[in-house]
Amino acid sequence: MILYPLTYKQLRSMKKMQELQPKIQELQKKYKNNPQKAQQAMMELYQKEGVNPLGGCLPLLVQMPILFALFSALRVFFDPVHHPPYVELAHADFLWIKNLGQPDPIILPVLVALGTYFQQKISMVGTSQDQTQKTMLIVMPLLIGWMSRNFSAGLSLYWVTFSLMGILEQWFIRRQPRLVKEEISSK
């Protein structure tokens with residue numbers, strides 16, 4: 001929830017960039033033999049439309065250290081061997097999970113894969129998808145789910161929660177009246 005304003009800016013910038021893609025492709029075709037002129041024309045287009053091409057990346061860069069710190073803290077806190085002395089992992093159970101420091105080989109990896117799939121799917125709503133994107137929509141969740149079989153259950157649980165929050169944020173952002181008004185006025 002703390003990162004929501006950054007996520008909002010990132011998604012809004014990505015949406016504007018997606019809307020400009022047809023114009024960018026036209027410029028690339030028009031100046032295919034002159035890359036310098038194509039770059040100049042694209043920069044003029046960005047300036048005219050009030051779009052920052054790095055606007056989708058910058059909020060992500062601010063979020064990454066926070067997310068890595070949280071990931072690292074969870075990993076150390078629930079580490080079966082190197083956990084802090086005040087943590088008693090014998091009492092680190094949650095729902096069906098006996099020990100949050102040990103991997104859950106079945107249920108959480110499935111939830112991780114499903115959460116990742118639906119988070120990617122909702123982020124692609126309204127965009128044209130090429131074959132590579134469609135393949136990645138399937139492959140990445142399966143790969144992350146497979147890898148999470150070896151994560152501590154606490155980390156897998158964090159990943160599922162993070163995915164669910166991401167889905168809710170994107171759903172909420174897409175339904176905000178201000179964004180709908182901006183989309184209508186830009187058409």
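This is a predicted model: local features need pLDDT of at least 70, side-chain atom pairs count only at pLDDT 80 or more; totals for chains, interfaces and linings use all residues.
Residues are numbered from 1 along each chain as its sequence is written, and side-chain values use heavy atoms, with hydrogens and water left out. The chain holds seven helices and zero strands, where helices (H or I, at least four residues) and strands (E, at least two) are DSSP runs numbered from the N terminus.

**The chain as a whole**

- Read from the N terminus, the order of elements is α-α-α-α-α-α-α.
- Of the 187 residues in the chain, 33% are buried; buried stands for under 20% relative accessible area, exposed for over 50%, and partly exposed for what lies in between (1.4 Å probe, protein chains only).
- The chain has an accessible surface of about 12,700 Å², and carbon and sulfur atoms hold 66% of that surface; accessible areas come from the Shrake-Rupley method with a 1.4 Å probe, and for residues only the protein chains shown count as cover.
- Among contacts in the chain with a separation of 6 or more, 67% join residues 24 or more positions apart, a contact being heavy atoms within 4.5 Å.

**Helix H4 against helix H6**

- Helix H4 (residues 107–123) packs on helix H6 (residues 153–174) at an angle of about 20 degrees, and their axes are 9 Å apart; axes are lines fitted to C-alpha atoms, for helices over the stretch in contact, and angles run from 0 to 180 degrees between N-to-C directions.
- H4 and H6 are therefore roughly parallel to each other, with the classes set as follows: under 35 degrees is roughly parallel, over 145 roughly antiparallel, 65 to 115 roughly perpendicular, and the rest oblique.
- The crossing of H4 past H6 is left-handed; that word applies if the near helix is turned anticlockwise from the far one by less than a right angle, and right-handed applies if it is turned clockwise.
- On the H4 side, the contact includes Leu-108, Leu-111, Val-112, Gly-115, Phe-118 and Ile-122, and on the H6 side it includes Leu-157, Trp-159, Val-160, Phe-162, Ile-167 and Trp-171.
- The residues of this H4 and H6 contact split into twelve nonpolar, eight polar and one charged; Ala, Val, Leu, Ile, Met, Phe, Trp, Tyr, Cys and Pro count as nonpolar, Asp, Glu, Lys and Arg as charged, and the others, Gly among them, as polar.

**Helix H4 against helix H5**

- The axes of H4 and helix H5 (residues 131–147) come within 8 Å and cross at roughly 150 degrees.
- That angle makes H4 roughly antiparallel to H5.
- Here H4 passes its partner H5 in a right-handed crossing.
- From H4, Pro-109, Val-112, Ala-113, Thr-116, Tyr-117, Gln-120 and Lys-121 meet Met-136, Leu-137, Ile-138, Met-140, Pro-141, Ile-144 and Gly-145 from H5.
- By class, the residues of the contact of H4 with H5 are ten nonpolar, three polar and one charged.

**Residues in these helices**

- Thr-116 sits in helix H4 and counts as buried at 6% relative accessibility.
- Leaving out residues up to four places away in sequence, Thr-116 touches Pro-141, Ile-144, Trp-159 and Ser-163.
- Gln-119 is also a residue of helix H4, and its relative accessible area of 19% makes Gln-119 buried.
- Beyond residues up to four places away in sequence, Gln-119 touches Phe-162, Ser-163, Gly-166, Ile-167 and Gln-170.
- Trp-159 belongs to helix H6 and is partly exposed, with a relative accessible area of 27%.
- Not counting residues up to four places away in sequence, Trp-159 touches Val-112, Thr-116 and Ile-144.
- Trp-159 and Gly-115 lie 44 residues apart in sequence and 8.3 Å apart in space, C-alpha to C-alpha.
- Leu-137 is part of helix H5 and is buried, at 5% relative accessibility.
- With neighbours within four places in sequence left aside, Leu-137 is in contact with Tyr-117, Gln-120, Lys-121 and Met-124.
- Between Leu-137 and Met-124 there are 9.4 Å in space, C-alpha to C-alpha, and the two are 13 residues apart in sequence.

**A loop residue to look at**

- Leu-95 is in the loop between helix H3 (58–77) and H4.
- Although Leu-95 is not a glycine, its phi is positive, at about 50 degrees.
- Leu-95 counts as exposed, at 68% relative accessibility.
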